[in-house]
Amino acid sequence: MTDDDVEYHVRLHLNQTVAKCYSCPQTTFSSMNHFKEHKNIHTEAESFGCSYCKVVFTSSGSLVAHMENTHPDISLEEERKKAVEEKLLRLRKKKKLNKKLRKKEQWEEERKTNNFPPPVLSKKPIVCEKCKATFHNNVDYAIHSMIHSEDGVFQCFLCDSAKKRDLHDIEKHIRLHEGTYVPAATDPKVYQCEICGNKFKKYTTLYGHIKCHDTKRRTYDCTLCDKKLFIDPSMIEEEHNNDVECQEVLPATVSRWCEICETKFFNDVKYALHTLTHSKNGIFKCFLCPVEEKMTDDRVEQHIRRHLNQTVAKCYFCPETKFYSMKHYTEHRNVHTGIKPFGCSYCELAFVFSVSLKTHMEIQHHDVILEEERRKADEEKSLRLKKEEDMKKEINYLDRKKRWEETRRKMPPPLPSKDPIICEKCKATFNNKVDYAVHLMRHSEDGVFECFLCDSAKKRNLHDIEKHIRLHEGTYVPDKASKIYQCGICGSKFEKSNALQNHMKCHDSNRATYDCQLCDKKYYIDPLTIKEEYNIDIEQEEEESETESRSCEICEMKFNDVDYALHTLTHSKNGTFKCFLCPVEAKMTEDNIEYHIRLHLKQSVARCAFCPKINFYSMKHFREHENVHTGAKPFSCNYCKVAFTFSGSLKAHIENTHQDVLLEEERKIANEERLSRLRKKRNSNKEEYQLRRKKQWEEERKKFPPPVPSKEPIVCEKCEAIFHNNVDYAIHIMDHSEDGFFECFLCSSVTKRTLPNVEKHVRLHEGTWGYLCKICGTTVKSLNLLKVHIKSHQKTYNCTECEKKYLMEYNLVIHKAKHHASVKSRGRPYKCKFCDKCFKQRVSKTSHERRLHSGDEPYKCGGCKECFSSKAEKDAHVNECEGF
């Protein structure tokens with residue numbers, strides 16, 4: 001039976017119904033599947049369709065009967081296919097088993113014929129991690145490990161190689177490690193040394209071995225044994241039989257505790273390397289001397305060993321030299337062996353020491369390294385700029401949308417389209433052309449709107465897009481307050497009629513022009529009417545009248561009035577100018593200050609040849625006035641092609657015509673400043689919050705029960721720090737995480753977590769998550785529950801009729817109502833003051849007293865002003881009241 005059939009069968013025995021039908025209340029159902037199929041009769045839903053024909057049924061039983069009657073041949077074929085597949089699976093499994101047994105028999109026969117020596121006994125018994133079986137040699141343990149291998153891959157525990165092997169190859173592999181392998185006669189080619197008889201599988205290894213038998217090479221006899229050495233023993237302080245190559249480091253005499261994670265270290269070197277994990281900037285603070293600088297792990301180890309005078313290894317040839325780091329010792333050995341392992345990646349040179357390679361790279365390939373660094377910096381910069389541009393685009397789009405929505409409220413609703421409009425890029429649907437046009441700007445990268453009605457492509461804001469589409473539809477209503485005067489020739493728009501009249505003069509073809517006799521320029525004024533030629537330097541014609549010299553009170557330098565005024569601006573901190581001739585005090589540019597002082601002194605800078613009566617107190621004003629006579633328009637608008645003779649006219653034009661563009665630029669600058677301020681504030685707040693949260697967590701951590709100690713010490717793969725429980729190891733892992741992600745070593749989940757969440761996650765695995773009560777030793781999930789639990793040890797409310805105690809009065813009332821009250825009021829602790837009725841809740845008692853005994857009618861009908869004692873009576877009345 002299936003699960004549904006079992007449930008249905010048992011419910012039939014117990015006469016239990018799962019659901020009832022509203023249309024057929026008499027029929028009952030003991031299974032939800034039967035009830036759902038029954039509902040299809042009333043809803044006329046046909047959910048069970050035949051997979052071979054198009055007939056559909058309301059119930060699964062009807063479909064099964066249809067299949068048996070109409071398609072019996074097809075169903076039989078499917079059953080046969082399933083039976084064949086099952087049979088094939090059984091045969092494959094049987095073949096695999098037979099193959100394994102056959103291989104095992106062959107291996108046992110070969111093992112007897114080859115006469116292998118007994119395998120080397122291990123010092124300690126080897127325990128299988130999966131089935132806890134014990135073995136006394138590596139060969140038997142390796143063969144046993146294949147029982148647990150599902151895919152037939154043997155992972156060697158001596159050299160970490162993973163490969164598909166049979167039992168013969170596994171034993172051969174382990175014996176090769178131990179040196180007890182005896183090759184069989186059927187083995188492939190074996191290359192044997194003719195001098196000493198050693199056998200090798202490859203010709204290259206044999207060739208390398210023969211070099212040691214070189215007769216020309218000088219050898220030395222050992223004074224203690226029969227071995228021959230290539231080095232003079234008198235040069236070595238200790239004999240070759242002593243293992244000086246790797247001297248064990250002595251443990252530290254004093255154990256040290258980490259102040260941050262409270263882990264204990266019995267070795268100064270490991271403690272120093274552990275402190276480096278808690279350093280944010282990679283700065284190492286030595287606890288034996290005042291050194292504080294950035295160091296690698298090797299340099300830290302070397303620094304501590306120098307303090308303790310602990311050598312890592314000794315050299316055979318140079319016994320006096322001391323090595324405080326294995327890196328230095330291994331590189332020093334290359335001097336005697338002649339090996340050059342450090343090869344340059346840009347040329348064919350190789351070096352004995354890593355430092356030599358580094359200096360070679362800095363001197364010879366300095367340009368290549370710089371280019372690589374620049375390329376990486378450029379890539380990072382381009383990524384950063386791209387992110388900032390995307391952010392700016394999003395902010396600009398939101399600002400434009402807000403402004404557009406404000407103006408859109410004043411407009412009539414757009415015309416609805418006959419058919420829904422679908423966007424080609426994101427498949428979004430719209431009911432009118434205006435919303436679709438505004439949506440298209442979302443996909444525009446350069447801000448250009450390409451109209452789908454007239455094929456025009458132009459940079460537009462959201463307001464102009466709606467205006468453009470409404471002009472196509474004929475629903476655009478201009479603002480009544482603003483009158484626009486448009487030029488019929490070039491289409492330029494003006495707010496005043498006078499501005500339009502002045503603009504029309506530039507299109508007058510009958511207006512006379514005069515050619516200059518000295519250059520190719522054209523003017524609207526006859527040069528003969530000019531009193532003085534325009535090529536004379538009029539700026540230097542009028543000399544400044546001599547004025548009294550003024551001395552600066554701060555630096556005691558002498559100036560004329562104009563230069564003195566400009567000089568005082570250099571001593572002003574805020575850029576404000578205090579006039580010494582009038583009480584004016586304001587921020588001014590240098591041109592405005594010069595103009596202001598010359599107005600006081602009535603000193604004109606230049607005179608116009610056509611208007612000699614007009615005085616000019618600034619060269620800027622004089623040059624702009626010259627443009628009136630010459631017809632030049634040097635001040636052109638950056639947003640359109642209109643040009644002006646005066647800078648003030650250009651400024652007024654931009655403020656009136658392109659006000660939206662100016663506002664948008666100002667908003668951009670304001671948004672950028674606001675974003676930079678927010679980023680700085682967010683970073684500072686984040687650091688403060690992290691420190692505050694860390695302190696809270698350390699205080700809360702004291703209330704936790706101690707973590708479960710691990711059976712074996714846990715070693716960090718990156719820094720080789722040792723931990724004795726999973727919680728400390730998990731918190732230590734976060735020091736190596738650059739992006740803040742925690743990869744759990746118990747369930748392999750990868751998520752962003754804080755240190756409290758990491759500890760909580762690991763403790764949930766161990767089952768030790770909670771806050772420990774120091775009185776009774778129970779653990780509670782939160783601090784609030786712990787406070788409530790602690791109060792339970794100080795029970796205050798005593799029952800008068802029995803010996804029970806309660807923390808809260810409410811619990812005592814419920815206890816009395818349940819156990820010491822009469823039969824009628826049992827379970828109802830709250831009794832009415834006026835009658836004998838009892839209630840489960842205090843709210844029900846107070847509503848009963850107010851409704852029946854007090855005579856209050858607080859609920860009033862809004863239609864007929866009739867009052868009621870309860871809300872339910874008022875609601876029932878409102879549904880029938882005619883006054884509403």
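This is a predicted model: local features need pLDDT of at least 70, side-chain atom pairs count only at pLDDT 80 or more; totals for chains, interfaces and linings use all residues.
Some ground rules: residues are numbered from 1 along each chain as its sequence is written, and side-chain values use heavy atoms, without hydrogens or water. Local features need pLDDT of at least 70, side-chain atom pairs count only at pLDDT 80 or more, and totals for chains, interfaces and linings use all residues.

Let's start with the second largest pocket, whose volume is about 1,200 Å³. A pocket here is an open set of points on a 1 Å grid over the protein atoms alone, where a 1.4 Å probe fits, with protein on both sides within 12 Å along at least five of seven lines; lining residues have an atom within 4 Å of a point. The volume is the space filled by probe spheres set on those points, joined across faces, edges and corners.

Of its 30 lining residues, Lys280, Gln690, Lys694, Met734 and Leu755 are the closest to the centre. Which helix gives the largest share of the lining? That is α20, with 10 residues. Helices are DSSP runs of H or I, at least four residues, numbered from the N terminus.

Now, two helices meet: α20 (residues 659-701) and α22 (residues 755-766) have axes that come within 10 Å and cross at roughly 30°. Axes are lines fitted to C-alpha atoms over the stretch in contact, with angles from 0 to 180 degrees between N-to-C directions. Arg693, Trp697 and Arg701 of α20 touch Leu755, Pro756 and Glu759 of α22, contact being heavy atoms within 4.5 Å.

Finally, α13 (residues 433-443) has buried residues, including Val434 and Tyr436; buried means under 20% relative accessible area with a 1.4 Å probe, protein chains only. Thanks, all!

How values were computed:
Buried means under 20% relative accessible area, exposed over 50%, partly exposed in between (1.4 Å probe, protein chains only).
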